[in-house]
Amino acid sequence: MDRINSFKKLIFMLVLFPTFLLGQNPLKIGISKDAATGEFEALSREIKSEIEALTQARGGVVFKEVTAEWQVDKVSENLHELLEDPETDIVITLGFLSSNAAAQLPAYPKPVIAATLLDQTLQGLVAQADSGSGITNFTYIPSMIRLKDDMLAFHDLFGFKHLAVLIPEPLYTNFQPLLQFFSQQEHDFELSFIPVGSASKEALEHLPSSIEAAFVLPMVHYRPAEIAALYAELNMRQIPTLAASGPGDLQLGASLTFTPQFTLLQMAREVALRVLKVREGINLSEIPLSRHQNKRTPLVNMESMRKIGKFPAKWQKLEDAILINIEKMPGESLELRQAIALALENNLKGKITDKDLLMAQKDVRIAKANIMPQIEVSGSALQLSQNLVEVSMGQRGEFTVTGTASLKQVLYSDAAFANIALKKLAAQYEQHSSRQTLLNIVSEVTGAYISLLFTRNNLQIKNENVYASLQNLEMAKAKEQSGEAGVSDVNRWITEMSINKMELNDAKAAYKAAMYQLNELLNQPIGNHIAVDDSTKIDESIVFDQNILGVYFSKPGLEEKYADFLISEMYDWSPELQQLLTAGEMIDRKKSMQIRQLFIPEVALFGQADQAFVREGTMAIPNLPIPPPPDDITWYLGVKMSLPIFEGGRKRAEVQRTTIEQEKIAWQKDDLLNNIEKGLRTNVQRLKASYKELELAQEAARAANENYKIVQAAYAQGVTTVVQLIDAQNVMTRSKYMAASAFYQYILDYVKTERMQGRFIFLTDESQRQDYTNRLLNHLNTEE
């Protein structure tokens with residue numbers, strides 16, 4: 001029995017010991033790259049990190065890297081060197097040139113993984129029935145790019161006649177099969193291949209004028225800033241662009257892509273898993289090429305579309321497209337202070353109020369003119385009939401030319417002086433009214449600007465919700481095809497998709513309406529597009545004392561002291577109160593005038609001088625001692641004093657009426673102060689509530705977003721139901737909306753509070769803001 005047990009142990013050791021030794025030997029991997037730059041280096045680091053993580057407990061791994069520096073001959077040389085190297089167990093190719101060369105090898109003496117094929121159709125690779133490559137010791141990471149299919153779909157959307165295919169210079173020079181691949185069949189549009197060197201603008205200078213669209217291949221070897229400059233130039237030329245690289249290029253300015261998101265980390269994990277399978281003794285030909293079927297849903301960059309001013313002729317084919325940057329508008333961003341400045345300069349209400357103020361100032365000048373000397377000069381030429389000359393007894397001639405100068409001067413008139421005072425007070429009233437209009441314009445423009453930010457944010461939320469529903473619909477369809485779920489899940493997501501698209505349409509309409517409203521206030525063409533910056537920091541430009549807010553809203557009772565401070569500021573700055581006080585002064589002055597007119601006369605100086613320049617045809621009467629008319633100047637000067645004695649009691653009735661007006665103004669003042677104080681205290685409470693809700697809403701949004709991811713992953717694994725996922729998605733969307741609403745409501749409440757105070761501190765200079773803050777802190781720290 002002991003011999004049998006010893007024999008079993010010997011067999012066990014003979015079987016497991018070689019496997020143990022093999023597991024402890026480090027795996028030797030050769031990496032062949034097109035170039036040692038940018039994306040290749042990043043992908044290489046990710047692949048090495050993922051492989052090291054998976055093989056750490058199995059003896060580790062050793063890497064050997066070679067680069068071809070974009071030379072075709074060097075690509076082939078590096079590949080054969082690694083294949084012939086006994087110190088290399090597995091070969092991984094990075095780059096379109098290296099992966100293409102690997103795919104074209106006639107045989108594979110050791111495992112080869114082509115990680116970055118441009119398009120497997122280009123290499124003639126076809127997956128087998130078992131989803132493997134069907135080639136011993138060879139596999140590849142399926143490319144998300146479909147060059148021909150995407151190009152034809154792009155043409156179907158835009159119907160262009162001439163397409164430019166922009167290819168990075170290294171690929172254009174060293175990858176001739178690519179050009180042949182595009183030209184294999186005839187199209188009903190012309191193709192032009194444009195190499196893009198380090199200076200992308202120079203390449204576009206030679207772009208044919210007939211180009212109507214551009215297909216941009218992956219710009220490997222170039223920095224994101226250079227790629228963004230390329231797309232910016234194409235957008236400026238109003239050329240729609242199709243990006244082969246995927247969603248990343250849309251963020252750099254491309255118009256459209258059909259390539260799904262596939263990160264370097266995903267690609268690195270795909271490679272690392274294949275390496276692990278080889279480590280376990282599985283041949284690469286047996287490893288499935290892809291575990292998930294990715295639907296090619298178009299992604300559209302609405303910002304680029306608006307910049308080029310061209311939209312697909314067959315937009316209905318993009319019904320299920322994912323729209324990004326849907327809320328972004330072309331042009332220079334309009335900041336809040338710029339919007340306020342434009343409104344104060346162009347707003348029609350402001351212009352009308354300015355004219356009212358100018359007229360009031362002119363009324364003061366007119367009133368003053370009434371007490372200034374009134375001098376009038378006149379001249380006359382008179383021809384008399386003979387009989388009239390005869391009866392004038394020598395004082396008048398047949399033809400006379402005379403000149404007259406008259407003088408009137410008010411010496412004392414309380415009505416005239418009161419009129420001047422009243423016109424001055426009326427001008428002051430218009431100044432307060434003008435300031436009220438200015439504050440209202442600032443408040444309305446700020447509200448419209450924040451409303452535009454909110455609707456923009458809401459549009460983004462609704463668009464993300466549609467995208468999430470689309471992802472879940474595709475997941476439900478895949479589960480239904482695999483038998484993991486029923487058609488009811490698919491129908492439920494179709495319903496959710498339709499509802500969410502309806503909400504998206506409403507959000508678009510609200511965004512446009514908010515833009516029209518702001519354009520009206522700015523007195524710009526109503527249909528103008530308005531580009532605004534990211535709104536996450538708008539509160540910093542308005543609520544400068546946020547730290548103080550946190551203090552007096554965290555301690556009970558401090559908000560009342562804050563309201564007391566605002567009320568005290570209101571007495572100095574409220575234009576509504578100043579208008580009412582000025583109206584009271586006008587009534588007081590009017591009453592004093594009416595009382596004085598009862599017993600104080602008006603005194604005026606008057607005079608006149610006449611000169612006859614021509615007097616012809618006078619007839620003297622000898623028998624009468626009447627002197628001839630004087631030839632020199634005649635004049636008179638006098639003083640007039642007048643005092644009404646009886647006017648039917650009108651004066652006393654006017655005084656009594658004015659007294660009633662005084663009482664009315666006093667009551668109006670009390671009513672206004674009560675309303676403003678009520679409004680200020682109420683708004684402080686609302687500001688406190690919105691301030692506290694802000695953090696709660698943001699925390700709710702974060703938690704709902706995390707919960708949605710968990711539930712979505714659980715639904716994909718069949719752990720949760722479609723109802724739970726829909727509920728999680730709806731809660732996520734609603735919480736995002738509430739977070740945005742709370743944020744903008746907080747800002748609006750603050751702006752409204754400052755408006756009721758009668759002064760916008762965020763528009764003052766630094767010294768005034770500091771003085772305001774010091775007074776506020778002193779007030780809050782003062783013990784009652």
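Colleague: What makes residues 7–23 stand out in pLDDT?

Modeller: This is a predicted model, and pLDDT stays under 50 over residues 7–23. For that stretch the model has five contacts beyond four places in sequence. The protein averages a pLDDT of 82, and 91% of the residues score at least 70.

Colleague: How many of the contacts in the protein with a separation of 6 or more are between residues 24 or more positions apart?

Modeller: Such pairs account for 77% of those contacts. As for burial, 45% of the 784 residues are buried.

Colleague: Why is G132 called buried?

Modeller: The cut-off for buried is under 20% relative accessible area. G132 has 0%, so G132 is buried. This glycine is in the loop between β4 (112–114) and β5 (138–140). The C-alpha atoms of G132 and Q517 are separated by 59 Å, and the two residues are 385 apart along the chain.

Colleague: What is the phi of E69, and what is the phi of W70?

Modeller: E69 has a positive phi of about 50° although it is not a glycine. Phi of W70 is near 70°, a positive value in a residue other than glycine.

Colleague: What makes the pair D85 and K64 a polar contact?

Modeller: The cut-off for a pair of N or O atoms is 3.5 Å. The side chains of D85 and K64 are joined at 3.2 Å, and this counts as a polar contact. Not counting residues up to four places away in sequence, D85 touches K64 and K110. D85 is in the loop between α3 (72–84) and β3 (90–94). With a relative accessible area of 13%, against a limit of 20%, D85 is buried.

Colleague: How do you know that the span of α5 is close to the expected one?

Modeller: Helix α5 (residues 147–158) has 12 residues and reaches 17 Å from its first C-alpha to its last. At 1.5 Å a residue, 16 Å is expected. Among the buried residues of α5 are M151, F154 and L157. After α5 comes G159, whose phi is positive, near 60°.

Colleague: Which residues have the most contacts inside the largest nonpolar core?

Modeller: They are L163, L166, L234 and I542, in a core of 137 residues. Helix α16 (residues 414–482) gives the most to this core, with 14 residues. A second, separate core of 21 residues includes V61, I90, A268 and V271. Leaving aside neighbours within four places in sequence, L163 is in contact with residues including M151, F154 and F189. In soluble globular proteins, nonpolar side chains tend to be buried together.

Note on methods: Residues numbered from 1 in each chain as written. Predicted model: local features only at pLDDT ≥ 70, side-chain atom pairs only at ≥ 80, totals over all residues. Heavy atoms only, no water. Helix = DSSP H or I, 4+ residues; strand = E, 2+ residues; numbered from the N terminus. Buried < 20%, exposed > 50% of the residue type's maximum accessible area, 1.4 Å probe, protein only. Core = buried A, V, L, I, M, F, W, Y, C linked by side-chain atoms within 4.5 Å. Contact = heavy atoms within 4.5 Å. Expected span 1.5 Å × (residues − 1). pLDDT = per-residue confidence, 0-100. Polar contact = N/O pair within 3.5 Å; in protein donor to acceptor, adjacent residues only side chain to side chain.
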